[in-house]
Amino acid sequence: MTKTTTCIYHFLVLNWYIFLNYYVPNIGKDDEKLKEFHDGGVHSKYLTILNLLLQTIFFGVACLDDVLKRVKGRKDIKFITSFRDLLFTTLAFPISTFVFLVFWALFFYDRNLVYPKGLDEFFPAWTNHAMHTTILPLLLVETILRPHHYPSKKLGLSLLSACNFAYIIRILWRYAQTGNWVYPVFAFLSPLGIIIFFSASAILSVSIYLLGEKINQWTWGATVKPGMKKE
């Protein structure tokens, strides 16, 4: 792919996520039936919405990286390129893939565990797929468009684990404050079941991170570093 194609792709996807970040949290904002959805802050409560924000930040940084490379050249923006790659490898790709896999696994098993049918009244099918389906293909295209330098496994997995732990604390804190779980699935689990669910989620997150690293190596080779001509 040409640099121009990559720049256009980043710009279009960035604007798509900016739109979703405005549109989705405001669906049914004044409707009593969606009071639970909006209570407690949509952006900090649901991993799906947090991921939309994360993708916006990542593609924003990618666009900034594209522009600065054209204006200033590669050597002057190594920090931006490194930050872009760190964001993609440790958070953007693993979290989007996690949301995609876990959401659809629970949805097809029993949608009431994660996305009750009553939400269809407010969320058109395209918004469901925008939040839970297209998030993965958009990042797979990114892996094809350019290589990403992975940090050491210790650093990468530490950052991912810290974010996972912070979100688990957020879920438990909200339950302690309100008596309501963010996702219905937790209401059907015993305390031991919740521990197993969180543990399995952590293992899945690590596996996704390692898979992303392998995909990058298969596509671009194992020695790609920021600033190399392949990019």
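**Rings and helix contacts**

Mentor: Begin with Phe186, which is buried at a relative accessible area of 3%. Buried means under 20% relative accessible area, exposed is over 50%, and partly exposed lies in between (1.4 Å probe, protein chains only). This is a predicted model, with local features needing pLDDT of at least 70 and side-chain atom pairs pLDDT 80 or more, while totals for chains, interfaces and linings use all residues. Residues are numbered from 1 along each chain as its sequence is written, and side-chain values use heavy atoms, leaving out hydrogens and water.

Now the rings. Searching the whole structure gives 26 aromatic pairs. Rings of Phe, Tyr and Trp (its six-membered ring) pair if their centres lie within 6.5 Å; planes under 30 degrees apart are stacked, over 60 edge-to-face, the rest tilted. Phe58 and Phe59 make an edge-to-face pair, 4.9 Å centre to centre with 70 degrees between the planes. Phe58 is buried, at 0% relative accessibility. Phe59 is buried too, at 0%. Trp181 and Phe186 have ring centres 5.3 Å apart and planes at 40 degrees, so their pair is tilted. Trp181 is buried, with a relative accessible area of 17%. Ring pairs also join Tyr9, Tyr17, Phe58, Phe59, Phe88 and Phe93 into a cluster.

Next, the helices. Here they are DSSP runs (H or I, at least four residues), numbered from the N terminus. Axes are lines fitted to C-alpha atoms over the stretch in contact, and angles run from 0 to 180 degrees between N-to-C directions.

H5 (residues 78-110) packs with H6 (residues 125-132) at about 135 degrees, axes 9 Å apart. That makes H5 oblique to H6. Under 35 degrees is roughly parallel, over 145 roughly antiparallel, 65 to 115 roughly perpendicular, and the rest oblique. Val99, Phe100, Phe103, Trp104 and Phe107 of H5 meet Asn128, His129, Met131 and His132 of H6. Contact means heavy atoms within 4.5 Å. By class, this contact of H5 with H6 has six nonpolar, three polar and no charged residues. Ala, Val, Leu, Ile, Met, Phe, Trp, Tyr, Cys and Pro count as nonpolar, Asp, Glu, Lys and Arg as charged, the others, Gly among them, as polar.

H7 (residues 135-145) packs with H9 (residues 191-220) at about 40 degrees, axes 9 Å apart. H7 and H9 are therefore oblique to each other. Thr143, Ile144 and Leu145 of H7 meet Ile215, Thr219 and Trp220 of H9. That contact of H7 with H9 has four nonpolar, two polar and no charged residues.

Definitions and conventions:
Helix = DSSP H or I, 4+ residues; strand = E, 2+ residues; numbered from the N terminus.
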